[in-house]
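Look at the model below.

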Amino acid sequence: MTAARESTLTRAACAAALESFDVRTVERAGHRCAAVALAVVTTDGVPSLLLTVRPSTMRAHPGQFALPGGGIDAGESPGEAALRELEEELGVQAPPSSVLGHLDDFVTRSGYVITPVVVWVGELDAPIRPNAEEVEYVFQVSMAELDHDPQFLSVPGSAQPLIEWPFRGARIFAPTAAMIYQFREVALHGRPTRVDELGQPDFASR
């Protein structure tokens, strides 16, 4: 594991890293479009990333780890959708100016093009209030936890390695793991790492 730059991940440093990153977008015509928030909150200046677990009762992706997000409504930008979903799922309000940039669009096995939106929330004005219909649990992932190297597993019959990101004894897979990994690479280390060739497990389509 590379030592995380926890003490130096500031809003300015994160914004600069995203500014220098050449984002890849996917043609959205013919796809369902969604956005997720890679939302950074700070506690006494120490940053962490918000990560949720979906309720087991949900029709789509029950019980899976997820970033706050959902479908992009007509007329919305990915940033607007990410901020709306962040408030709907976690009760976290953030202004448009909190959007620092995007990471690469990610095409899922379930037929979505997901745009990862980096949102710097900063210090919270109120406690996080998870929407029980959409969120079973919410984690604040420290930068040290974020900076763990994932494993890349070979899949028989596939040229795409399967990413497995360890988190508190659990294993997280793409698409969530891929987007978290790219955020780690770009925001923490300034590396323009791509994730579009990473494989997704069978349950990613459910």
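**A sheet, a helix and some salt bridges**

Three strands make an open, antiparallel sheet, in the order β9-β10-β11. Strands here are DSSP runs of E with at least two residues, helices are runs of H or I with at least four, and both are numbered from the N terminus. Two strands count as paired if DSSP finds at least two bridges between them. At the edges lie β9 (151-153) and β11 (170-173), each of which pairs on one side only. From one strand to the next, the twist averages 35 degrees. Axes are lines fitted to C-alpha atoms, for helices over the stretch in contact, and angles run from 0 to 180 degrees between N-to-C directions.

This is a predicted model, where local features need pLDDT of at least 70, side-chain atom pairs count only at pLDDT 80 or more, and totals for chains, interfaces and linings use all residues. Residues are numbered from 1 along each chain as its sequence is written, and side-chain values use heavy atoms, with hydrogens and water left out.

Strands of a sheet pair through backbone hydrogen bonds, either parallel or antiparallel. Take β10 (residues 162-167): four bridges join this strand to β11, and the two run antiparallel. W165 stands opposite I172 in β11. What packs on the sheet? Helix α4 (residues 176-189) does, touching β9, β10 and β11. Contact means heavy atoms within 4.5 Å. The direction of α4 makes about 75 degrees with that of β10.

Now the charges. The structure holds twelve salt bridges, each defined by a side-chain nitrogen of Lys or Arg within 4 Å of a carboxyl oxygen of Asp or Glu. One of them joins the side chains of D196 and R24, at 3.8 Å from N to O. This pair links distant parts of the chain, 172 residues apart: D196 sits in the segment after α4, R24 in the loop between α1 (11-19) and β1 (32-43). D196 is partly exposed at 41% relative accessibility, and R24 is partly exposed at 43%. Buried means under 20% relative accessible area, exposed over 50%, and partly exposed in between (1.4 Å probe, protein chains only).

R84 has its own partners. Its side chain meets that of D73 in a salt bridge of 3.5 Å, N to O. R84 lies in helix α2 (residues 78-90) and D73 in the loop between β4 (69-71) and α2, so the pair ties together parts eleven residues apart in sequence. D73 is partly exposed, at 42%. R84 also forms a salt bridge with E88, with the closest N and O atoms 3.3 Å apart. Both R84 and E88 lie in α2, four residues apart, about one turn of the helix. E88 is partly exposed, at 38%. Through shared partners, salt bridges join D73, E76, R84, E85 and E88 into one network.
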